[in-house]
Amino acid sequence: MKNINLAIHSSDQMYTAFHGEDSVSTDFRDFLLCEYYRKGYELALIVKKSIEQWIPNKETPKILELPSGFGRVTRHLRAMYPKSLIDCVDVEPEAVSFLTTQFGVNATRCEVDDWKYEFLNSSFYDLGVMGSLITHFNEQKSKSILLSFFSKIAPGGVAIVTFHGERSYELMKQKNIYQVQPEDASNMLRGYETVGFGFAKYKSGHSMESGTTELVGHEYGFSMNSLDWLLAQSKDCRMELVECRFGAWDDHQDVAIFRKV
Ligand SMILES: C[S@@+](CC[C@H](N)C(=O)[O-])C[C@H]1O[C@@H](n2cnc3c(N)ncnc32)[C@H](O)[C@@H]1O
């Protein structure tokens, strides 16, 4: 890892949500900080390897990151591709200005109910990465998000989608690790088992992404989907699965890599 901008925004819940109380020790804070950088790097590395394998323009690929949050992954993409066009999208206004000033990317704020992202060019990007977005919405919204995301990828380009799939299902069966009500957790698991998709809202007072829930509303919860469900969405968008890595991101999200034919 070289030339990484290490700045972290105080509202970045991908970092602060895991802090807990002020009583957390300095050693533990240091550990969380390392984890934050490691998780960002982990997904950025999957992006890099995919570009090396599939994209002819290896030096300056056009990259879309949707959503970008406060740049957990973006900072690594920028360090790996200093001259690339990197377009980022998020609903968080603070995140969008932070990304623009810190990482020199084109960050755009979308509306909370925007599932079309019409301000982005269609069939344009060499690579699109969606780190943990359909992991938060119900089935109908997740379908719309995917349809739009896939439409932005150029022919021959790559789309990377992370999701709560097989690995999360196994973990969730053992323990309710995602802060949803027990009965909602059971319904979500049943949905996953029967139709390949389950959704639950976070329980009140949760610490996972309370700021985002406040901004987006209770539509923002926790979802799980099977790989078959994801394949059904990708089929009509001319996306072919080239690889699925189970639990490859953040020790619980599966990572699907598609190529547009
Ligand atoms: C779990 S975070 C992941 C952020 C980033 N990919 C990362 O790994 O740090 C989910 C992000 O989705 C954003 N978000 C919520 N609704 C959205 C929407 N309709 N379109 C784009 N982003 C959205 C939230 O603001 C939040 O930053």
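Predicted model: local features only at pLDDT ≥ 70, side-chain atom pairs only at ≥ 80, totals over all residues.

Visitor: Which ligand atom faces tyrosine 117, and which faces glycine 131?

Guide: A nitrogen atom of the ligand in each case. The distance is 2.7 Å to an N or O atom in the side chain of tyrosine 117, and 2.9 Å to a polar backbone atom of glycine 131.

Visitor: How much of the ligand does the protein bury?

Guide: Taken alone, the ligand exposes 600 Å², and 98% of that is buried by the protein. The ligand is surrounded by 23 residues; Pro67, Arg72, Asp90, Tyr117 and Gly131 are the closest. By class, the shell holds twelve nonpolar, six polar and five charged residues.

Visitor: Why are E3 and E8 said to stand at the edges of the sheet?

Guide: The open sheet has seven strands in the order E3-E2-E1-E4-E5-E9-E8, with mixed pairing. Strand E3 (106-109) and strand E8 (239-249) each have a single partner strand, so one side of each has no neighbour in the sheet. From one strand to the next the twist averages 15°.

Visitor: How do you know that E8 and E9 are paired?

Guide: Pairing requires at least two bridges. Seven bridges join E8 to strand E9 (residues 253-260), so the two count as paired; they run antiparallel. Arginine 245 stands opposite valine 255 in E9.

Visitor: Which strands does helix H9 touch?

Guide: Helix H9 (residues 227-235) packs on the sheet and touches strand E5 (153-163), E8 and E9. The direction of H9 makes about 150° with that of E8.

Visitor: What kind of peptide bond joins leucine 66 and proline 67?

Guide: A cis bond, with omega about 0°. Proline 67 lies in the loop between strand E1 (63-65) and helix H3 (74-80), and is among the residues closest to the ligand.

Visitor: What phi does tyrosine 117 have?

Guide: A positive one of about 50°, although the residue is not a glycine. Tyrosine 117 is found in the loop between E3 and strand E4 (125-130).

Conventions
Residues numbered from 1 in each chain as written. Heavy atoms only, no water. Near = heavy atom within 4 Å. Polar contact = N/O pair within 3.5 Å; in protein donor to acceptor, adjacent residues only side chain to side chain. Areas by Shrake-Rupley, 256 points an atom, 1.4 Å probe, with all protein chains shown as cover. Nonpolar A, V, L, I, M, F, W, Y, C, P; charged D, E, K, R; others polar. Helix = DSSP H or I, 4+ residues; strand = E, 2+ residues; numbered from the N terminus. Axes fitted to C-alpha atoms, helices over the stretch in contact; angles between N-to-C directions. Contact = heavy atoms within 4.5 Å.
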